[in-house]
2 protein chains.
Amino acid sequence: MQKVFDLHFYPGTCSITFQLNYNMSVKEESQILQYAPFMSTVEPGFWHNLSQLKLDVDRLNENERKIWGYYSSSVPPGSSMALFVDFSAFNKNFTVDATSLPANGILLNKNTLESFKECDKLNLLESYGTELVNQMKNGDAVEKPSLLCKFILLTFADLKKYQFYYWFAFLAPKFADTALLKPPQKIGTVFGREQIDTFEELYSAISDTSERAFLTVTLTEEGNISILPLKEFGDALRQKNQRTFLAFSDPSILDENPGWPLRNLLALIKYKWYCISVKRLFLLKRYCHSLIVKRPEVVGSALEVIGIRRKFDGVWNADRSVIFSVMLGKDDTPLDKVNWVGWEKNQRGKFGPRMTHLGSTMDPLRLAETSVDLNLKLMKWRLLPELDLNVVKDSHVLLLGAGTLGCCVARLLMAWGVRNITFVDNGRVSYSNPVRQMLFTFKDCQNGGRLKAEAAADALKEIFPGVASKGVKLSIPMPGHPVGEGSKKEVEEAVDQLKELIKNHDLIFQLTDTRESRWLPTLIAAHYGKLTINAALGFDTFLVMRHGITVVDESSQSDDVEAVIDYSSKFIKGSQLGCYFCNDVVAPGNSTRDRTLDQQCTVTRPGISLLASSLAVELAVSLLQHPMRGLAPACCSSKNASVGKEENGGDGDCERVLEKELQSHLGLVPHSIRGFLSQFELVVPATHRFSCCVACSHKVLNEFKIRGFEFLCQVFNKPGYLEDLTGLTKLHQESASLEVRK
Amino acid sequence: MQKVFDLHFYPGTCSITFQLNYNMSVKEESQILQYAPFMSTVEPGFWHNLSQLKLDVDRLNENERKIWGYYSSSVPPGSSMALFVDFSAFNKNFTVDATSLPANGILLNKNTLESFKECDKLNLLESYGTELVNQMKNGDAVEKPSLLCKFILLTFADLKKYQFYYWFAFLAPKFADTALLKPPQKIGTVFGREQIDTFEELYSAISDTSERAFLTVTLTEEGNISILPLKEFGDALRQKNQRTFLAFSDPSILDENPGWPLRNLLALIKYKWYCISVKRLFLLKRYCHSLIVKRPEVVGSALEVIGIRRKFDGVWNADRSVIFSVMLGKDDTPLDKVNWVGWEKNQRGKFGPRMTHLGSTMDPLRLAETSVDLNLKLMKWRLLPELDLNVVKDSHVLLLGAGTLGCCVARLLMAWGVRNITFVDNGRVSYSNPVRQMLFTFKDCQNGGRLKAEAAADALKEIFPGVASKGVKLSIPMPGHPVGEGSKKEVEEAVDQLKELIKNHDLIFQLTDTRESRWLPTLIAAHYGKLTINAALGFDTFLVMRHGITVVDESSQSDDVEAVIDYSSKFIKGSQLGCYFCNDVVAPGNSTRDRTLDQQCTVTRPGISLLASSLAVELAVSLLQHPMRGLAPACCSSKNASVGKEENGGDGDCERVLEKELQSHLGLVPHSIRGFLSQFELVVPATHRFSCCVACSHKVLNEFKIRGFEFLCQVFNKPGYLEDLTGLTKLHQESASLEVRK
């Protein structure tokens, strides 16, 4: 198609070339055209997406975002003339349905309420108005007239309270008033029934709905109706023997007033037609013919504008459409200098922002979901942009023990965004638990007490319904607790269940209260190469550690202590770090026998379990942030570990050399953390794997791999078996024989 | 009264002196007397008191305790013959009511289930049997015959689960069977109506109910009935023309069988009468006269025993009493060598212990109360006998802020046994809170959110109904938040309320999330000399500190920095330690203005708040365990604080010298604890009070004391006022002028 309106704006020329003097008497003779304003309507979905973008993408970035709004030309009488902004506003490929028209928005989301309040509103209008002017001048707005409907959305999102402050501006230039030459006419007074139906048919047939916003309509002498793109308005005008109309999809419901979009359409018509180059002057005569009427300088007729208003009576029809006969006002202001208006009045009828509190209208579950992530995502805004929250969130975590440690660890994991938490415990909640075990209440203790694992899983859901928590009642089989023939099947099932659980989780926390209950989980976790965090409490001391990750193809060599220690360096590879049992030279046995009450109960200073839990979770999360995960190396002696010793020099070197490898995004990833509350002191020693370890050494893992439950039964039933197997017995004998010789 | 039975046992003589040969045919001719055994009945009150004693007094001590039981001679037919042990069992001045008889118990409460099971039951019988023998021999049992009813109660109290394992032994010697010479007769067949009534009257009139257990009864030929103490049995026997009966209050409900107490009475009769000195031999003849019948060696009649059994028919009567005609069996075993029996059968009719689970029968509230104290009291058993739990329990604690820190601190305080906790907060629970603020759940967020202070106080009660928690909605007035005339009254009320709250609590925790909100509480707490703990969070760092205690009479001089620093020592007195503001050189202002979301929210690693809360509570409790409380000195540089510095020597000295003063029972009481999670490091620096401190300096306290709210208003409204007042402005100017000269 030939580009008829190949009109370009030459800066600085328009005001010189054309100084058309309008006859002001027009204004006096006729009514001034007034436009029905938009009413902004923001759907909650928009705020959700805005929140997500702010949290995850924009963060502290205040740059503008292009958004989309939409309005309808089929607003039922009595409704308001809404401009909608909803969940789809940020879509790159925004489309509107057949009843709607798109609007181009600029989102300016401020970081603080203060900057929201204090930002220069007039300046915003001007700068985005200028953008629109440029689009009119360079022809974009003619080619793609939907650009004419443009709005600014200034916001401040208080994501903590789910309060959103916002203010819309529907951009429009302030130029000389347009005259309404006669009262608006219903389309039926100009078009016949058949013509209206044809009109509706043609209108509906425009496949790109965004082109429906602004159109050219012609009516031949024969009564034939055509709908053409806006850009063919000039061509149409040149055709004789036909009546040419401007047309726009009109959201207004008022008989006397067209909707706001006409304002910018008329601006385009007015400025575009006057701001042409001298070369194109010949065209002007023709255009002026139709554009400017009743003016001495320009011969022409009134501009007829169809406000297309539709309704649905079984089928769509355009019967409610209105024809406005207007004449543009005289204006000497050059396009660049025009003032812009458009800030919306708020609910109280004043120019000012609106506020919506989403908390009350939102689905509470979804609200909780997003709120819980808020504090986490804010970490990435400024402090730790490289933090990988998803690796934490997506971890499936198994907590062995739902007591003091288990409850606290679970809460902290949830705070870190973990959504899959499984508790394993075989106990019931007793009356002494709730004050120390922070997932239980008095209610859980009554009638014999609820199962801890279940009560803890339920409590997590009460705190945050979005969590997928499970409770498994399971007694962990233990060395020193013999398995008779009668209970063999039951114990084997428990072993299988534990294996399955460990296999299906990514991160294992060992939080039980005896040494022997940690043996089987340590073994199975090593078998599957799972990341394991261990926490154990004393009265005012604690140990938190990560187990070395067993690398299968290395395991055959790695058990030789001599071979694995890299004496030349001061760190230990993740695969060479010890487990909970690596420092022990006796296998675990039944430690619950013959214990007095104070030995049975974990008698600790209450703060100890929280300290240990916090550090266990933070160590785990730090590891997840380390590129090597469980294989991250640990420094043999930290600054703290060397406290009190005279050696200071070496550590510094070690840290400098290995700084990168030893740190995750969150900092150090020590092998173990030992706390001494009486001195308010932490130390972070690292120790090697032990080739005779009763839980993670190659010999033990191998027996387990080959003989499975049969091997376990031997361990459960036969004291000394593990020591014999691992070589501990031999070690003891050798050291004993050495003693004798002394 | 003449001591008739002034009989003494001369060791080794009895078996030599008397070798009476009984005719065994007696046994064959008549029935063997069989005794109705006791059924032990333990009231929950006993277990409660036992638990308390174990926890608070005995702890690891397994020594025997004397206890009391009681039984009744008015057991309705169909009931069991119970020996009761209840809450009064441990009373020093044990008394029984008019219908009951006392029993002497020995409580042996074992520390472990294993020692309970494994302790030598026969040995116990023997050793306590020997004790009874000695009481028979030395006359105590004659003087105070209630000693004859003796039991052992062997227990293991699992105070964690409220399970009590126990086993009663009702001590009785195993000697030759006693013959029942004829079927037992109802008292009515021997005594007339009037005689029975007189008997009841006399019995009831015995004022010391414990004397009613074992008695002498005489019936003269004239039909006169007398009741005499047991010790007068011999005298009575010597009286001619009267029939003399042994009598005992009989708990048995069986017509044919006397109750268990008769067994030991007969033992006394049997052995006492034979174990006499040669000097007293003449008496023997008389006694044998009545005691041993139908035996060739001894001339005499059958021993008649009244089993006194009462019932209440409007008035008490003894109609159910039974008379047993018995003859003691022959027995050559000396008193010392007799075997003892008495272990009770359990519910399944086997010799074995019983178990009671008190949890299910106890008042849950009381159960919770005692359970909560359990873990705390166990600390005193072995680890820290000197720990003063009451000073912690009795503390009234005020928590300013019911957010992440406040919730966690409250839980820990409750775990330490604190019962009076008041929250101050003006916020509402939002959806992001529950995963980090451990007293809130999803429910609390709905419908706009509950008030945090109230929700937290309620949550504490749900955890432990015994807590006296309160929530106060209060906005703490802050510098930089001006007070207009309109809000003056409201702010003044808030100040008054805060003053009142701080005044009425012993321990103040500052757990709010802005610097300026800590100013007024710091000032007021200093004004009242209250112990104040402050906790503040960074992203992965935190500060926990105690404020120096303002000693009023020192305050006028102490503000001169020069004067207070004791350069010769390396510690700071509690009165000279700084507050939260002492390190600052600017007054707090409005820090909430113009903050982006990540600055508004406390963006922290979740573990940080738990670490800070734990250390805040543990520091507070450590202080309470220090004899000087808040005035406890703090070491200027701890081991940790000196890490990385080259100075090592001095600290050691300091610690040695001041070890005692610097440590509470729980360890160090540092001035502040700073944590760096990225390095898993704690340091504990101490700093001096600052004479220009905007919150605790003499000038500020003095203005507050004199001018009160007027002064505060000036602070709230006038930026720079505090700096001017304290001399900070001058300090700034001086340092600025110095800079210029450079």
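Two residues are in contact if their C-beta atoms, placed from the backbone, lie within 7 Å. Helices (H or I, at least four residues) and strands (E, at least two) are DSSP runs, numbered from the N terminus.

H16(B) covers residues 488-503 and H17(B) residues 519-528; their axes come within 10 Å and cross at roughly 50 degrees. Therefore H16(B) is oblique to H17(B). Axes are lines fitted to C-alpha atoms, for helices over the stretch in contact, with angles from 0 to 180 degrees between N-to-C directions. Angles under 35 degrees count as roughly parallel, over 145 as roughly antiparallel, 65 to 115 as roughly perpendicular and the rest as oblique. The crossing of H16(B) and H17(B) is right-handed; a crossing is left-handed if the near helix is turned anticlockwise from the far one by less than a right angle, and right-handed if clockwise.

In chain A, the axes of H16(A) and H17(A) also come within 10 Å and cross at roughly 50 degrees, in a right-handed crossing. The contact residues include Leu498(A) of H16(A) and Tyr528(A) of H17(A).

## How the two chains are related

Chain B can be laid on chain A with an RMSD of 0.3 Å, by a turn of 179 degrees and a shift of 0.1 Å along the axis. The two copies are thus related as by a two-fold rotation axis. In chain B, Leu611(B) has the C-alpha nearest the axis, at 2.7 Å. Copies are superposed by least squares on the C-alpha atoms of residues with pLDDT of at least 70 in both.

## Where the chains touch

The contact between the chains involves 79 residues of chain B and 79 residues of chain A. Several elements of chain B each supply at least two residues to this side, among them helix H13 (404-415), helix H21 (606-624) and strand E30 (681-683). H11(B) gives the most, with 10 residues. The side of chain B that touches chain A is made up of 42 nonpolar, 21 polar and 16 charged residues.

## Chain A as a whole

Chain A contains 26 helices and 30 strands. Of its 742 residues, 49% count as buried. A residue is buried if 20 or more other C-beta atoms lie within 10 Å of its own, exposed if 12 or fewer, and partly exposed in between, with C-beta atoms placed from the backbone. Among contacts in chain A between residues at least 6 apart in sequence, 74% join residues at least 24 apart.

## One buried residue, Leu266(B)

Leu266(B) lies in helix H9 of chain B, residues 261-274. Leu266(B) is buried because 25 other C-beta atoms are within 10 Å. Leaving aside neighbours within four places in sequence, Leu266(B) is in contact with Thr178(B) and Leu328(B). The C-alpha atoms of Leu266(B) and Pro173(B) are separated by 9.9 Å, although the two residues are 93 residues apart along the chain.

## Numbering and model

Residues are numbered from 1 along each chain as its sequence is written, while chains are lettered from A and ligands numbered from 1 in the order in which they are written. In this predicted model, local features need pLDDT of at least 70 and side-chain atom pairs count only at pLDDT 80 or more, whereas totals for chains, interfaces and linings use all residues.

Definitions and conventions. Nonpolar A, V, L, I, M, F, W, Y, C, P; charged D, E, K, R; others polar.
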